[in-house]
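Hi,

Here is the structure I said I would pass on.

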Amino acid sequence: MNLLVIVTILASFSVNVALSRRKKGSSPKPRGTFKQMCLSGDGSDYRGYVSETTRGHSCLNWNRFPHPWGPSHGLGNHNYCRNPDRSLTPWCLVRREKRIVRELCNVPKCSTPTVKPPPAADTELTCGERSERRMYKVVGGSFTPIESHPWVAAIFHRRQKFLCGGTLISPCWVVTAAHCFSDGDETNLRDMTVYLGKTAINETDADKEQKFTVERLILHQQYNDTTYNNDIALLRIKSRSGGCAVKSESARTACLPPPHTRLPAGIQCTIAGYGMEKFMAWHYSQYLKEAQVKLISQADCKRKLYYGDLITENMFCAGTPDWSTDACNGDSGGPLVCEVSGRMFLFGVVSWGDGCARENKPGVYTQVTNYNKWIAAKTGLPKYTQGLMYPAK
């Protein structure tokens, strides 16, 4: 009897062990584990294996660098392109000479139709990104496609007359120069139109351009039209549908640096605009142009040889050693941007100068970082003016 009980207990134990092993070895049905292997939307859910940027550079391993994202964003011990911060498209970190910068990746698009997402919009965390492409060289700069400077706005008066440039700093707001508006606060907003995505001021490209009316014009309350001190203004733009700028390769925002940030003299930055190609020219440049200029110290710019006491603390100068490159008439209000850690930051607004590309007469720019608090107060966008994407020292 005791032997029978023992045999029964051992048989039952064997069955339980076998069932337990089968349960542990079985694979449960996956739930929520599908990851996109191709580009859909902004690619934030891309989990494929592209590891090379559009410029042909090999991506670096994500785990080599500190970042605020984790495995849920597709990051880990690999070097595949990802989009953890919902930028324009997947990207990665690469080594460019002695610097570590971020570059966009060319991920194949999905062939299957996807549900159309709501219009994308830049945030304070996705600013300053661009698709870098160049066209051909001309004297004093380069003709350049709008994708290289997607924050450049073209401001028109009475529809057809080009007035000034500007810079998109948030989906609804453009920074420009106060001197562009000779009527001041009496400016008729119904006569104004703002375009984003324009490579040529007298051509229309419906696939790239976005058109806006001006809902509000805010001139700095202490702007002086004699000295050009406080030469800064804000435009609130609105599309026909009532919306703001939609993020695309030809329409992006430039970053604002932290308040009162200044770069040292000699740093190379970029200006862009549709202005005249030489002083007293009969017409503006048909196409958007860019040029590289170097920052000049305040001490040098205040020398009598340059501008002396005409330079205030709200201005700075930039030019080239051979005086061959400068902003000119029509570039007013446009951006001077500087690259910092792979993003483009708006440091200056084209303001004034003595002629164009004259020896010892560099271009003068409004010091944007003196106005972060003013911009935040007028736009109600304090996060955009904190310089969140500017690298900490």
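Before the numbers, one term: a residue is called buried when its relative accessible area is under 20%. By that cut-off, buried residues make up 51% of the 393 residues in the chain. Keep in mind that this is a predicted model.

The overall picture

The chain has three helices and 16 strands. Of the contacts between residues at least 6 apart in sequence, 66% join residues at least 24 apart. The chain exposes about 21100 Å², with carbon and sulfur atoms supplying 53% of that area.

Aromatic rings

I found eleven aromatic pairs in the structure. One of them is Phe162 with Tyr274: the ring centres are 5.5 Å apart and the planes sit at 70 degrees, so this pair is edge-to-face. It ties together distant parts of the chain, since Phe162 is in strand β6 (residues 161–170) and Tyr274 is in the loop between β11 (268–273) and β12 (289–296), 112 residues apart. Phe162 and Tyr274 are both buried.

Phe345 and Tyr390 make another pair, with centres 5.0 Å apart and planes at 80 degrees, so it is edge-to-face too. Here the link runs between strand β15 (residues 343–352), which holds Phe345, and the segment after α3 (372–379), which holds Tyr390; the two are 45 residues apart. Phe345 has 0% relative accessibility and so counts as buried. Tyr390 is buried as well, at a relative accessible area of 19%, which falls under the 20% cut-off.

Phe162 and Tyr274 also turn up in a cluster, where ring pairs link them with Phe156 and Tyr195. Tyr195 has a charge over its ring: the charged end of Lys198 sits there, 4.7 Å from the ring centre. Elsewhere, Arg303 lies over the face of Tyr306, 5.4 Å from the ring centre.

Disulfides

Searching the whole structure gives eight disulfides. Three of them are described here.

- Cys59 is joined to Cys92, S to S 2.0 Å. The torsion about their S-S bond is about -75 degrees, so this disulfide is left-handed. It links the loop between α1 (2–25) and β1 (91–96), where Cys59 is, to strand β1, where Cys92 is, across 33 residues. Cys59 is buried at 5% relative accessibility, and Cys92 is buried with a relative accessible area of 0%.

- Cys164 and Cys180 have their sulfur atoms 2.0 Å apart. At -95 degrees about the S-S bond, their link is left-handed. Cys164 is in strand β6, while Cys180 is in the loop between β7 (173–176) and β8 (192–196), 16 residues apart. Relative accessibility is 4% for Cys164, which counts as buried, and 8% for Cys180, also buried.

- Cys172 is joined to Cys244, S to S 1.8 Å. The torsion about this S-S bond is about 90 degrees, so the disulfide is right-handed. Cys172 is in the loop between β6 and β7, and Cys244 is in the loop between β10 (233–238) and β11, 72 residues apart. Cys172 is buried, with a relative accessible area of 15%, whereas Cys244 counts as partly exposed at 23% relative accessibility.

Cheers

Terms used
Residues numbered from 1 in each chain as written. Predicted model: local features only at pLDDT ≥ 70, side-chain atom pairs only at ≥ 80, totals over all residues. Heavy atoms only, no water. Phe/Tyr/Trp six-rings, centres within 6.5 Å; stacked < 30°, edge-to-face > 60°. Helix = DSSP H or I, 4+ residues; strand = E, 2+ residues; numbered from the N terminus. Buried < 20%, exposed > 50% of the residue type's maximum accessible area, 1.4 Å probe, protein only. Lys NZ or Arg CZ within 6 Å of the ring centre and 35° of its normal. Contact = heavy atoms within 4.5 Å. Areas by Shrake-Rupley, 256 points an atom, 1.4 Å probe, with all protein chains shown as cover. Disulfide = S-S within 2.5 Å.
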